[in-house]
Amino acid sequence: MKTDARALSIQRQLRRSAARRRYARLVGHALVYALMIFLALIFMLPIFWMASTSLKLPREIFAWPPEWIPSTPQWGNFAEAFGKYPLARYMLNSAILVIANIIGGLISVPIIAYGFARFEFPFKNALFLLMLSTMMVPGHIKLIPMFWLYSRLELIDTYWPLILPAYFGNPFFVFLMTQYIRTIPRDLDDAARIDGAGAWGILYRIIIPLSRPALTVVVVFTFVWVWNDFLEPIIFLRDWDSYPISVGLAFFQGRYSVEWHLFMGATLVSIIPILVVYFFAQKHLIGGLASIGIKG
Amino acid sequence: MGLGANPAMLSFWRKMTPQERRAAKTGYLALSPWMVGFAVFFAYPILATFYFSLTQWTLVDQPVWIGLDNYVRMFTRDPLFVSSLKATTLFVVLSLPLKLVLGLMLALLLNLKIPGMNVFRTVFFIPAVISGVAVSLMWIWFLNPDTGVVNTLLHYVGVQGPYWFWDLNWALPSVAIMSIWKVGGAAIIYLAGLQNIPAHLYEAAEIDGAGKWRRFWRVTLPLLTPTLFFQLIIELIDAFKIFTEAYVITKGGPLKATYFFLYYFYEEAFRNYNMGYASALALFLLVVIMGCTVFVYRTSGRWVFYEN
């Protein structure tokens with residue numbers, strides 16, 4: 001009898017403490033959510049303000065106190081922005097550059113990484129280290145000699161300076177891809193070899209199809225970098241019609257700095273492709289990047 | 001030297017079996033695009049920059065050899081060099097520590113096992129993926145002294161907001177705040193590091209009676225030091241390379257307050273066409289970045305913890 005009563009009280013106590021713990025967790029979750037939502041709102045304010053301005057009437061943009069959400073959203077602003085600035089043209093230019101760079105990366109990176117990951121040869125480690133060390137050097141140091149070289153070859157004001165390097169393997173991507181290929185079991189190579197595949201057959205039939213996460217990283221990062229690139233286009237391009245969207249936008253600012261409603265609309269439109277790519281790719285990115293394993 | 005190295009390499013080659021030799025040939029063939037790229041897009045420009053930095057050259061004429069004159073000018077009588085160095089250092093000092101600490105705090109929040117965290121990850125990472133130009137334009141408008149959001153909110157609580165990018169003392173901090181807005185990029189890297197920490201270590205610490213704080217200081221932080229180290233180097237290099245913001249927003253002003261080093265380099269090279277002097281500036285930046293990286297690397301033994 002006595003022991004029963006004690007067991008019961010212990011049970012009751014346990015149940016109570018479990019309930020208390022569940023309650024504490026609920027409060028904890030609520031606090032975290034509140035904090036995260038608050039932070040997210042702050043982080044999104046500049047973007048929200050841009051979107052809000054892009055939907056205002058010209059007289060509303062300098063009104064005080066400012067309206068957070070315009071009472072009658074002016075969707076026509078976007079059409080006006082496209083009509084007034086050659087936005088479509090600039091975005092097309094950016095798209096051309098992005099696609100040309102992506103093709104370059106997809107061709108060169110797997111081949112080079114395959115060499116590093118699957119073959120033994122003298123000086124391999126030294127070459128790999130050399131490649132890694134080039135990643136540390138800021139690209140700006142190369143601008144003057146490259147500018148001179150391209151002007152000698154009469155390639156200034158063409159897209160070649162902005163495209164060519166991608167076809168010779170970006171070291172960061174090669175590094176990433178090499179690490180990824182090393183995780184693919186060599187048994188698969190051997191099986192394909194027994195089936196009569198040569199070194200290049202193994203690359204195209206086994207390695208590339210299995211490296212999709214790493215290749216996704218190559219595609220997405222190239223997209224983001226090329227779309228956002230600013231310094232190289234302003235140096236290597238002269239003709240306004242050939243500008244990518246980043247340069248086009250920056251140069252509008254000097255010319256039409258009063259039309260902020262159109263201007264913010266144009267800026268908003270310019271980041272939409274990046275956001276779309278980012279949303280679609282984010283799930284795959286984690287897998288591709290995890291293989292680098294930032295460790296010693 | 002070159003002649004001496006060749007026979008050694010050949011003897012290496014002779015010792016290999018035919019299969020090994022075939023594999024090696026395929027390997028070299030696979031690497032060949034990178035080797036060409038290395039020669040054309042890396043070795044040539046670095047060596048050429050070194051040579052040009054010892055010349056006076058305006059691109060249209062022939063480079064004239066002037067020895068170390070560019071460097072003498074840089075270190076003894078160039079006020080712009082001094083102000084650009086000052087602005088850049090100040091920017092690094094203002095933004096880097098904050099970015100590292102806030103990035104880690106954000107990553108710890110994002111690492112909490114709570115449903116819906118993915119949405120927040122996406123939100124915080126957005127500023128890190130959009131372009132410097134778009135971000136700059138957005139922030140010009142966001143920090144507008146009269147009708148910008150920040151000054152409006154400050155006005156509501158009775159504070160007269162500063163002129164931000166247009167104020168001598170606020171311009172540089174404004175650019176730093178803008179770069180801290182992109183902290184989500186660092187947070188994602190930390191997050192990957194946090195998720196690599198094995199759960200059994202936390203369990204062991206908990207059994208030993210370690211509370212939340214102790215677990216953070218004794219388990220999380222030590223195991224995260226490789227990630228912190230990686231991020232520190234990346235952010236350091238990035239901070240020295242700040243350019244777009246100065247070009248788009250401030251033009252280096254007001255009164256050279258945001259005259260960052262790379263912006264100075266750009267103006268010298270591609271506006272004034274002082275290619276020789278600009279090459280010397282570029283090399284200086286390279287040495288500074290390399291120096292900082294080596295310093296961080298050398299001292300890392302004291303605070304970076306490796307599992308193996």
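Two exposed residues, A:Tyr204 and A:Pro209, sit on the face of helix 9 of chain A that is turned away from its buried side. The model described here is predicted. Helix 9 of chain A runs over residues 199-210 and has 12 residues. The distance from its first C-alpha to its last is 16 Å, close to the 16 Å expected at 1.5 Å a residue. The residues of this helix that count as buried are A:Ile202, A:Leu203, A:Ile206 and A:Ile207.

Chain A contains 13 helices and 0 strands, and its pattern along the sequence reads α-α-α-α-α-α-α-α-α-α-α-α-α. The radius of gyration of chain A is 28 Å, whereas a compact globule of 296 residues would have a value near 19 Å. Along the principal axes, the C-alpha atoms of chain A fill a box of roughly 100 × 75 × 35 Å. Of the 296 residues in chain A, 38% are buried. When contacts in chain A between residues at least 6 apart in sequence are considered, 76% of them join residues at least 24 apart. Chain A is divided into domain 1, residues 2-43, and domain 2, residues 77-290. Between the C-alpha centres of these two domains of chain A there are 49 Å.

Chain B has 14 helices and 2 strands. Chain B is more spread out than a compact globule, because its radius of gyration of 25 Å is well over the 19 Å that the globule rule gives for 308 residues. The box filled by the C-alpha atoms of chain B, taken along the principal axes, is roughly 75 × 60 × 30 Å. Buried residues account for 37% of the 308 residues of chain B. Among the contacts in chain B between residues at least 6 apart in sequence, those joining residues at least 24 apart make up 66%. The domain assignment of chain B gives a domain 1 of residues 2-52 and a domain 2 of residues 79-303. The C-alpha centres of these domains of chain B are 38 Å apart.

The contact between the two chains involves 69 residues of chain A and 72 residues of chain B. On the side of chain A that touches chain B, two or more residues are given by each of several helices, among them helix 1 (2-54), helix 4 (124-134), helix 10 (212-228) and helix 12 (245-255) of chain A. Helix 1 of chain A supplies the largest share of that side, 12 residues. By residue type, the side of chain A that touches chain B comprises 51 nonpolar, 14 polar and 4 charged residues.

Helix 5 (143-152) of chain A also gives residues to the side that touches chain B. Within helix 5 of chain A, the residues A:Leu143, A:Ile144, A:Pro145, A:Met146 and A:Phe147 are buried. The buried residues of this helix pack against elements of both chains. In chain A these are helix 6 (160-163) and helix 11, and in chain B they are helix 2, helix 13 (261-270) and helix 14 (275-303). After helix 5 of chain A comes A:Glu154, which has a positive phi, near 55°.

A:Val224 is located in helix 10 of chain A. This residue counts as buried because it has 20 C-beta neighbours inside 10 Å. Apart from neighbours within four places in sequence, A:Val224 is in contact with A:Ile274 and with B:Val129. A:Val224 and A:Gln11 are 213 residues apart along the chain, and their C-alpha atoms are separated by 58 Å.

In chain B, B:Gly37 lies in helix 2, which spans residues 18-52. With 24 C-beta neighbours inside 10 Å, B:Gly37 is counted as buried. Residues up to four places away in sequence being left out, B:Gly37 touches A:Pro165, A:Phe168 and A:Gly169.

Conventions:
Residues are numbered from 1 along each chain as its sequence is written. Chains are lettered from A and ligands numbered from 1 in the order in which they are written. This is a predicted model: local features need pLDDT of at least 70, side-chain atom pairs count only at pLDDT 80 or more; totals for chains, interfaces and linings use all residues. Helices (H or I, at least four residues) and strands (E, at least two) are DSSP runs, numbered from the N terminus. The expected span of a helix is 1.5 Å times one less than its number of residues. A residue is buried if 20 or more other C-beta atoms lie within 10 Å of its own, exposed if 12 or fewer, and partly exposed in between; C-beta atoms are placed from the backbone. Domain bounds come from an automatic or database domain assignment. Two residues are in contact if their C-beta atoms, placed from the backbone, lie within 7 Å. Ala, Val, Leu, Ile, Met, Phe, Trp, Tyr, Cys and Pro count as nonpolar, Asp, Glu, Lys and Arg as charged, and the others, Gly among them, as polar. The radius of gyration is taken over C-alpha atoms; the globule rule is 2.2 Å times the number of residues to the power 0.38.
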